[in-house]
Amino acid sequence: MKRILLVAAAAFVLAGCPSVPQGPTTKPPIVPVQPDTQHPDELPVVTPPPTDTVPMPPKQQTVDWSSSLQPLVNQMVADDGVVSGKVLLVDSVKNNTNGNLPTQAITTELTKVVSNTNKFKVVSPNVVNAARRTLGLSQDDSLVTRSKAIGLGRYVQAEYVIYSVISGSTKDRSIEMQLMEVQSGEIVWSGKHGIEQ
């Protein structure tokens with residue numbers, strides 16, 4: 001019986017306690033806007049608070065890869081040791097610089113520049129990409145080597161392969177190109193050229 005009385009007393013005490021504190025709430029004062037009696041049609045001008053200006057990021061330098069690759073390709077095509085009409089594979093350009101380079105885009109440009117010389121039968125990029133997938137070679141392979149390039153050349157039945165490496169810093173870069181015979185691995189031609197910013 002005592003327990004029932006204690007529970008009932010506790011219930012009455014708790015029922016009398018407010019769960020949300022009661023008391024005066026403070027609201028911001030309402031300031032009436034005084035109408036402009038001289039110019040009733042004009043609205044008051046509100047000036048926005050000053051904002052911080054965001055500094056512009058440094059302008060990225062773009063490289064005209066076609067123009068940078070053309071002189072080196074012209075040297076290769078003009079070389080007496082290079083035979084016309086052979087099947088040529090343009091392997092992925094290797095990046096040995098201290099920054100990021102769009103190696104796929106550079107390889108695409110190199111393929112276009114070489115194709116435009118009409119000196120070789122250039123292996124289609126679609127065939128090269130399919131061969132890379134079959135051999136398990138990534139498009140962005142940073143460990144491009146001459147032996148991988150020659151192996152890929154043999155797979156697509158090319159007679160020549162172009163192996164290219166870009167080295168240097170972001171301010172002073174150069175590209176080195178080597179034309180190799182796929183069967184023997186012999187370097188038929190090599191050249192180096194600075195990349196214009």
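## Close-up views of a predicted model

**View 1. Strands β5 and β6 form an antiparallel pair.** Strand β5 (residues 173–181) runs antiparallel to strand β6 (residues 187–194), and 7 bridges join them. Two strands count as paired if DSSP finds at least two bridges between them. Helices (H or I, at least four residues) and strands (E, at least two) are DSSP runs, numbered from the N terminus. L179 faces W189 of β6 across the pair. The hairpin has 5 residues between its strands, and G185 there takes a positive phi near 80 degrees. In a regular strand, side chains alternate between the two faces of the sheet.

This is a predicted model: local features need pLDDT of at least 70, side-chain atom pairs count only at pLDDT 80 or more, and totals for chains, interfaces and linings use all residues. Residues are numbered from 1 along each chain as its sequence is written, and side-chain values use heavy atoms, leaving out hydrogens and water.

**View 2. D91 and R132 meet in a salt bridge.** The structure holds 2 salt bridges. The term means a side-chain nitrogen of Lys or Arg within 4 Å of a carboxyl oxygen of Asp or Glu. Here the N to O distance is 2.8 Å. The pair links distant parts of the chain, 41 residues apart: D91 sits in the loop between β1 (87–90) and β2 (94–97), and R132 in helix α4 (residues 125–135). Buried means under 20% relative accessible area, exposed over 50%, and partly exposed in between (1.4 Å probe, protein chains only).

View 3. K112 is partly exposed, at 45%. E109 is also partly exposed, at 23%. S66, in helix α2 (residues 65–78), touches E109 and V113, not counting residues up to four places away in sequence. Contact means heavy atoms within 4.5 Å. S66 and K112 are 46 residues apart in sequence, yet their C-alpha atoms are 8.3 Å apart in space.

**View 4. Helix α4 has a buried face.** Its buried residues are V128, A131 and R132. The face turned away from the buried side carries exposed N126, R133 and T134. Cover for the buried residues includes β1 and α5 (146–155). At the N-terminal end, S124 caps the helix, with a side-chain oxygen 3.1 Å from the backbone nitrogen of N126. Just after α4, G136 takes a positive phi of about 75 degrees.

**View 5. The largest nonpolar core has 25 residues.** A nonpolar core is a set of buried Ala, Val, Leu, Ile, Met, Phe, Trp, Tyr and Cys residues joined through side-chain atoms within 4.5 Å. Which residues have the most contacts inside this core? They are M76, L110, I162 and M177. Two or more residues come from each of α2, β1, α3, β4 (160–168) and β5. The largest share, 6 residues, comes from α2. Apart from this core lies another, of 16 residues, among them V128, I150, L152 and A158.

How values were computed. Arc of directions from axis to C-beta. Polar contact = N/O pair within 3.5 Å; in protein donor to acceptor, adjacent residues only side chain to side chain.
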